[in-house]
Amino acid sequence: MVAESELMRGKLASLLAIVSALAILASGCTADTPAPPVERRPSATGVCGSDPFGCVRADPGKPIRLAALVPFGQADPSGEARFAIRLAVQGRPLLHGHRVAASLRYDDCSPVAVGALAEDKDIAGVVASGCGSYMHRIDAEVLSEKGIVFLSATSTGSDLTHARTHPPFFARTTYNDAIQALAMARYVRERLKTNSAAGIHDRSPYARGLVTRFASDFSKSGGAFLVRRAVRVGETNFRTLLDRIEKTAPDFIYAPLFVAEGGLITSQAREIEGLRHTVLGGADGLLTPDWLEYAGRAAEGVYVSRPTPTLNRSRFASDFLPSYRRRFGREPLGFRFHMATAYDATNMILDAIEDVAIQEKGTLYIPRTALRDRMFATKDFPGFSGMLSCDSNGDCNHSTPVIIYQVRNSKFRKVWTWRPTA
């Protein structure tokens with residue numbers, strides 16, 4: 001009995017020792033290995049409260065609303081973009097359980113249409129087609145004041161996405177006109193071997209922007225940009241201006257003007273002895289038969305540029321056109337590149353909404369600043385209008401080639417193609 005009792009006490013002591021050791025071991029593991037953090041999504045209240053522009057709210061059963069700002073009528077090729085926007089929306093029937101709706105707003109290229117949009121607190125973003133870059137600048141500034149993303153499918157003005165003048169909520173899926181200046185600078189420096197240049201603009205954002213970009217790119221490549229001069233629309237006598245330019249003896253004069261002033265400057269430059277053999281160049285504002293007629297024989301040898309928007313034709317034909325025909329029962333009437341850029345713009349906004357939206361109890365909250373930031377972070381978006389990647393100033397289309405033409409025998413002859421991806 002004594003032996004048995006001693007044996008039981010020994011087993012009990014061993015068991016207690018094991019339990020104590022396990023307790024110590026468990027205690028050490030707890031101290032050295034913290035529990036994994038619990039992932040907590042930010043609350044809508046916190047996010048919307050910290051956003052300077054708040055959130056767009058879609059209550060249960062209510063749609064996510066976009067606005068399509070397009071020209072009147074089917075006669076305007078850009079007006080066809082409204083069908084592309086509708087088609088894009090219909091291809092994304094639900095986002096986070098909410099349907100998407102695109103409100104059509106006809107744009108008469110006045111501040112009236114965009115003013116109403118800016119006061120609509122339920123609009124998550126605006127896709128625009130048509131009107132000019134000048135009007136879209138006004139639209140973009142008004143909408144940026146309210147923190148509303150504004151994506152243009154057609155506005156090419158270089159000042160819209162210049163670092164100093166960019167409305168902060170504006171982006172575009174079409175090209176930037178500045179690529180014409182870059183292509184021309186490359187051509188005259190690398191192909192024509194010019195060493196010095198002068199510029200003439202008409203004070204318009206289009207011409208001024210092109211001359212500014214040309215001067216920058218020409219200088220960066222080692223050329224000497226000597227002087228820039230401005231004319232007024234409606235002027236007819238440019239001899240004094242041209243005499244001043246003659247004194248600087250440039251190899252090349254870049255004048256991205258329009259038909260009337262461009263034609264007169266071209267013809268009057270050829271009447272000045274020191275400029276008779278100077279190379280002249282312009283942009284797509286001169287690429288018309290009217291300018292050839294205006295300039296006459298003086299147009300011979302002049303170089304002009306034109307962007308040539310690219311379209312993913314195989315995908316457009318296989319994916320977009322069949323859907324368009326089924327939905328609308330006809331072929332598209334308008335410029336297909338504008339339709340592609342409008343379709344891509346709509347899907348880019350919807351992708352951004354899908355990524356940043358916060359859902360709580362069936363209500364969807366879309367923080368405006370986060371939506372803009374996500375839009376501008378778009379990279380390698382496989383659009384119908386090309387592979388799109390947005391930079392910090394809102395340029396998303398960086399793949400549009402530019403063709404340089406020279407006037408030969410009173411016709412525009414293609415002499416070089418600049419491809420930005422090359």
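Visitor: Why does Cys48 count as buried?

Guide: This is a predicted model, by the way. Buried means under 20% relative accessible area. Cys48 comes in at 17% relative accessibility, so Cys48 counts as buried.

Visitor: What makes Cys48 and Cys55 a disulfide?

Guide: The cut-off is a pair of cysteine sulfur atoms within 2.5 Å. For Cys48 and Cys55 the S to S distance is 2.0 Å, and a disulfide joins them. In general, a disulfide is a covalent bond between the sulfur atoms of two cysteines.

Visitor: Why is the disulfide of Cys48 and Cys55 called left-handed?

Guide: Look at the torsion about the S-S bond: for Cys48 and Cys55 it is about -100°, so this disulfide is left-handed.

Visitor: How many disulfides does a search of the whole structure find?

Guide: The search turns up two. Besides the link of Cys48 and Cys55, Cys390 and Cys396 form one, with their sulfur atoms 2.0 Å apart. The link of Cys390 and Cys396 has 100° about the S-S bond and is right-handed.

Visitor: What about Cys390: buried or exposed?

Guide: Buried, because its relative accessibility is 11% and the limit is under 20%. Cys396 has 0% relative accessibility, so Cys396 counts as buried too.

Visitor: Let's turn to helix 4. Which of its residues are buried?

Guide: In helix 4, which runs over residues 111–118, they are Ala113, Val114, Leu117 and Ala118.

Visitor: How do you know that the buried residues of helix 4 line one face?

Guide: Look down the axis of helix 4: its buried residues fall within an arc of 135°, so they line one face of the helix. A handy rule goes with that: an α-helix has 3.6 residues a turn, so residues three or four places apart point the same way.

Visitor: What covers those buried residues of helix 4?

Guide: The cover includes strand 2 (64–71), strand 4 (98–107), strand 5 (123–128) and helix 5 (133–145). Where helix 4 and helix 5 meet, Pro111, Val114, Leu117 and Ala118 in helix 4 touch Met135, Asp139, Val142 and Leu143 in helix 5.

Visitor: What makes helix 9 mostly covered?

Guide: Eight of the 11 residues in helix 9 (residues 259–269) are buried. Among them are Glu261, Ile265 and Gln268. Their cover includes strand 8 (196–201), helix 8 (239–248), strand 11 (279–282) and helix 10 (289–295).

Visitor: What is the phi of Ala249?

Guide: Near 55°, a positive value in a residue other than glycine. Most residues other than glycine have a negative phi. You'll find Ala249 in the loop between helix 8 and strand 10 (252–254).

Visitor: Why is Ala249 called exposed?

Guide: Exposed means over 50%. Ala249 has a relative accessible area of 52%, so Ala249 is exposed.

Visitor: And why does Asp380 count as partly exposed?

Guide: Partly exposed lies between the buried limit of 20% and the exposed limit of 50%. Asp380 has 45% relative accessibility, so Asp380 counts as partly exposed. Asp380 sits in the loop between helix 13 (368–376) and strand 15 (381–383). Asp380 has a positive phi of about 55° although it is not a glycine.

Notes:
Residues numbered from 1 in each chain as written. Predicted model: local features only at pLDDT ≥ 70, side-chain atom pairs only at ≥ 80, totals over all residues. Heavy atoms only, no water. Buried < 20%, exposed > 50% of the residue type's maximum accessible area, 1.4 Å probe, protein only. Helix = DSSP H or I, 4+ residues; strand = E, 2+ residues; numbered from the N terminus. Arc of directions from axis to C-beta. Contact = heavy atoms within 4.5 Å.
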